[in-house]
Structures are given as C-alpha cells and as structure tokens.
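Please look through the model shown here and work through its fold and helix packing by question and answer.

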Amino acid sequence: MAQHSGDTLHHDISGEDILVRADERFMEYRRMWENNPMTLTAGTFPVHLDIETTSTCNLRCPFCKTTYSRTDINNGFMSWETLKKIMDEAGENGLYACKFNFRGEPLLHKELCRFIRYAKEKGLVDVFFNTNGTLLTPDKAEALIESGLDRLTVSFEGFEKELYEKNRVGATFEAVVKNIEALRDLKIRHGSRTPKVRIQAVLIPELRGRLDEFTAFWSDKADQISYNEMLDNVPNTIKPAVSPWICPFPYQRLMIMWDGTITACYNDHYGKLAVGNVHNVTIKEAWKSLMEPLRKLHKAGRAHEAQACAECPMRMNEIKKRGDA
C-alpha cells in the first residue's frame, strides 16, 4: 500500500514561509494537516474546507480544467444563506481553515469580503483564496486588507508579457502586475502584514530553467514565490490510473460547491464524489459517515475503483514519481 508523501506538486522557491506563524492554534492546525494523512486519522470534522464562491471564471487558461468544463457544469454564485450555514457549523466544530475557491475566480463574487469577515468571526485561523489577479483593483485590495484575509495566492506564469498573456488568456500583463504592486503598497500604508501574498506559477515548459528570472522579477512584490507542477487537467484526455497510492484529502479537507454540494476533492470538477448537500446533510455527517466508503477504498489500495480518483491527475503524478504502476 503506497502511503501519501505530502504535497509533491507544490514547490516554494523564494521568500518567507507563509505557513509558519507563532500562534498555538495555527501550529495545531498545521500539525493536523500534516499528521492526519500519515496516520490515516480523519477526526470528527475536516481541518479545512474549500468553499466555492463561484464556479465561473473570466479567463480561459489552456492548462485549466475550468476552461474546458465551464459549459458542462451548473454555474453560479454561492448565496449568503449557504455561506452562513456552512460557517455557523464550521464555527461550532472548530474548523481551522478555508479557501474561498474551487473551480472559479473568487473576486467575481460581490460578497467575497463579507464571506471572509464572517469566517474570521467564526474563529478560523487561515482564510485565503487563489486568484488570477485581474480584478484585484486598489479598492478591492483595500477591502481585502480590512476583511482580515490571512493570505492570497496570485496565479501568474512568468515575468514576460507575451508568455503570460499566452497562458492567462484574457488577462493583461501590465494591469495585473500593477494590481499586485498596489496591494503591496497598501499593506505598507496600512502597516498590515496581511494578507500574505504568494505568486504561484504553473510550471509550463517555457519556465523550466528560468525560475531564477521568475524569482528576481517578483522578489520585491510578494512575500513568497512558488510554482506547481503542470498536470494533465483537460477532461477526456486523462487516462485512468491504477495505483495503491493513498490521497491525503479524505483526512484533511472537503470541497463545497457554490450550490452547497459537498464533494471529496478539488479535482472532482463534475461532482462524481459528491456525498450530499449542506442543505440536507451536515458537514460533520458527510465527513464522519458519508466519506467512510471512500476512505476504506484508499486504505485498501483500491481508490482507483472510484472513477474520479482513477482520473485524478495527482494520482498519475504519483505513479510517475513513485513507479506504482
């Protein structure tokens, strides 16, 4: 049985470690995040929730599954009522963290800052989201600082206009760089250390061997610089992968789509692993009971029998790295 070996897709290459904080509850959260998958311990409630504010995106990036699945899914925006229901239960059960995105661009949601403030009021110690940065205007940046947002990851391929706009279709290089610099300057003006800003690239072929240049460009604009391995995310081209690899997600997190649908994985764009909806089951019930069949498959080394797990690009990546096939 091949145990998971942590996040082998993500690589921090420069700047501070934004996941280190001298706060006991935060350190407890990070210990559980690391240790639960290693010991196959789920506990009574997830450590983290991925909460989809919207499934829609304003860009059409060629390596992103959302670009290809957008016409095949039911798109929309999460309501305040759904978010409040999620966060009220999360607060009662000591949830540590949430990320306010799944398939779409969270800054499209007009109530995002209200969502963030409510999450912080419920005691979450790590509230964050990923963004393409196109809508990160100075006014929005100011509101995010005031909301209490802990960190922000801006997805950005490289440091050159042509390469960036080829991969972030619909974005303008100069505008997004200016947005990020404005956020940096506003933090300084407010005397605020948060939100911590991570610049994160997908390691497209053109960036290989040029990470030093990437780092040099962003070093004065962000707190941390990182990249993720490029995966095959295009639907209908992913070949099912058979491997005894155990995914960490069933021991760390749940995903909740904009309409309240609960699913097990952020690679499950079509909800094939859905275990209910927050409007008819509790998050605790989904975590403790409804996720157990999937955990049993993982423990038995048979998770590939679940279609979404067999098609998971993370599983294929692990096969390539570990030789499990």
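This is a predicted model: local features need pLDDT of at least 70, side-chain atom pairs count only at pLDDT 80 or more; totals for chains, interfaces and linings use all residues.

Residues are numbered from 1 along each chain as its sequence is written, and side-chain values use heavy atoms, with hydrogens and water left out.

Q: What radius of gyration does the protein have, and why does it agree with a compact globule?
A: The radius is taken over C-alpha atoms, and the globule rule is 2.2 Å times the number of residues to the power 0.38. For 325 residues a compact globule would come near 20 Å, so the value of the protein agrees with it, at 19 Å.

Q: What percentage of the residues in the protein is buried?
A: Buried means under 20% relative accessible area, exposed over 50%, and partly exposed in between, with a 1.4 Å probe and protein chains only. Of the 325 residues in the protein, the buried ones make up 56%.

Q: How many helices and strands does the protein have?
A: Helices (H or I, at least four residues) and strands (E, at least two) are DSSP runs, numbered from the N terminus. By that count the secondary structure comes to 12 helices and 10 strands.

Q: Which elements do the buried residues of α5 pack against?
A: In α5, residues 138-147, the buried residues are A141, L144, I145 and S147. Seen down the axis, they fall within an arc of 160 degrees (the arc of the directions from the helix axis to the C-beta atoms), so they line one face of the helix. On the other side of α5, D139 and E146 are exposed. The buried residues pack, with contact meaning heavy atoms within 4.5 Å, against α4 (112-121), β4 (126-131) and α7 (173-190).

Q: Which residue follows α5, and what is its phi?
A: The helix α5 spans residues 138-147. The residue that follows α5 has a positive phi, near 95 degrees, and is G148.

Q: Why do the buried residues of α9 line one face of the helix, and what covers them?
A: In α9, residues 283-290, I283, A286 and W287 are buried. Seen down the axis of α9, these residues fall within an arc of 95 degrees, so they line one face. An α-helix has 3.6 residues a turn, so residues three or four places apart point the same way. The cover of the buried residues of α9 includes β2 (48-51), α3 (80-92), β8 (253-256), β9 (261-263) and α10 (292-299).

Q: At what angle do α9 and α10 pack, and how do the residues of their contact divide?
A: Axes are lines fitted to C-alpha atoms, for helices over the stretch in contact, and angles run from 0 to 180 degrees between N-to-C directions; here the angle is about 35 degrees, with the axes 6 Å apart. The contact is made by W287, K288, S289 and L290 of α9 and by E292, P293 and R295 of α10. With Ala, Val, Leu, Ile, Met, Phe, Trp, Tyr, Cys and Pro counted as nonpolar, Asp, Glu, Lys and Arg as charged, and the others, Gly among them, as polar, these residues divide into 3 nonpolar, 1 polar and 3 charged.

Q: Which residues does a cis peptide bond join?
A: P195 lies in the loop between α7 and β6 (196-202). With omega about 0 degrees, the cis peptide bond joins T194 and P195.
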